[in-house]
Amino acid sequence: MTSKTNDSIAESLEVHESLLPLMPELLQDLWALGCSLSTILDMLARHSLSPSMHVLDLGCGKGAVSISIARQFGCKVDGIDAFEPFIAIAREKALEYQVQQFCQFIRADIRDFCQEKHDYDVVILASLGGILGTWPQTIEQLRNQVHSGGVILIDDGFLKNIDKSSRKGYEHYRPHDQTLKALTCFGDQVIDEQDTSDLSAEINKEYLEKMQKRSNLLIQQHPEFESACKKYIQDQADECDFLDHHVAGTAWLIRKSK
């Protein structure tokens, strides 16, 4: 695993690189890893995702989105993630839910994967923040993954109560009107928008509690990581507080222009 890939994984998981070996245990009780899974499925259902479509799930984590789409719609899904333990779990889950014939999980850095053009019907980027850059940079790379008329689904959010943020990972966030302008800067059309704030708050609270319990167990087993584990949990708590006060969780479905 290259240093660049480690950096990408650590950035997406919002953790210091030294804790990466412990992340499978720390996140053991989390499958969807913070994304608004039910909203994603509802949006795709409303816009007629069909079995003939091919879906790309970027930063697929443990495969919750990919597997749920395959189960509900019967279409093929390629999940991309750089963290080998997550890819292994995703493959196991696909077997458990008997959708292995529909799901392909590929270990790769999504920043590298998106350098190449692809021809998917749908691309999904869920709960990964600014890993692909600013909103215009992100949209440019996402629209290169789908054909003309294809759709981009982003599960993220926009700023409320403030105009800019200096918080790491949220520097590119902007209020709603500026966010919409950035998302459509290449002439594409937002065809659906769903508020996920209440759902996201519930998910964040539940996940923080589960991570806290796992952190306590890990500290007992690995006391040398006590400081790093406690810092991670505190950072997550601080982020949840920031999200509650300053980010309106939102999912967008965007149709690529021809």
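## Burial and the model

A residue is called buried here when its relative accessible area is under 20%, exposed when it is over 50%, and partly exposed in between, using a 1.4 Å probe and protein chains only. The areas themselves come from the Shrake-Rupley method, with only the protein chains shown counting as cover for residues.

Please keep in mind that this is a predicted model, in which local features need pLDDT of at least 70 and side-chain atom pairs count only at pLDDT 80 or more, while totals for chains, interfaces and linings use all residues. Residues are numbered from 1 along each chain as its sequence is written, and side-chain values use heavy atoms, with hydrogens and water left out.

## Salt bridges

Side chains of opposite charge can pair when their charged atoms come close. The structure holds nine salt bridges, each defined as a side-chain nitrogen of Lys or Arg within 4 Å of a carboxyl oxygen of Asp or Glu. One of them joins Arg46 to Asp192, with the closest N and O atoms 2.9 Å apart. This pair links distant parts of the chain, since Arg46 belongs to helix α3 (residues 37-46) and Asp192 to strand β6, 146 residues apart. Helices (H or I, at least four residues) and strands (E, at least two) are DSSP runs, numbered from the N terminus. Arg46 is partly exposed at 43% relative accessible area, whereas Asp192 is buried at 9%.

Arg111 is partly exposed, with a relative accessible area of 22%.

Another bridge lies within a helix. Lys230 and Glu226 meet at 2.8 Å, N to O; because they are four residues apart in helix α10 (residues 226-246), about one helical turn separates them. Lys230 is partly exposed at 48%, and so is Glu226 at 32%.

## A negative patch

Glu193, Asp195, Asp198 and Glu202 form a negative surface patch. Patch residues have over 30% relative accessible area and no salt bridge, with like charges joined within 9 Å and nonpolar side chains (Val, Leu, Ile, Met, Phe, Trp, Tyr) within 5 Å. Asp and Glu count as negative, Lys and Arg as positive, and His and the chain ends are not counted. A charge is placed at NZ of Lys, CZ of Arg, CG of Asp or CD of Glu.

β6 (189-195) and α9 (197-221) each supply at least two residues of this patch. Glu202 sits in helix α9 and counts as exposed, at 53% relative accessibility.

Terms used: Areas by Shrake-Rupley, 256 points an atom, 1.4 Å probe, with all protein chains shown as cover.
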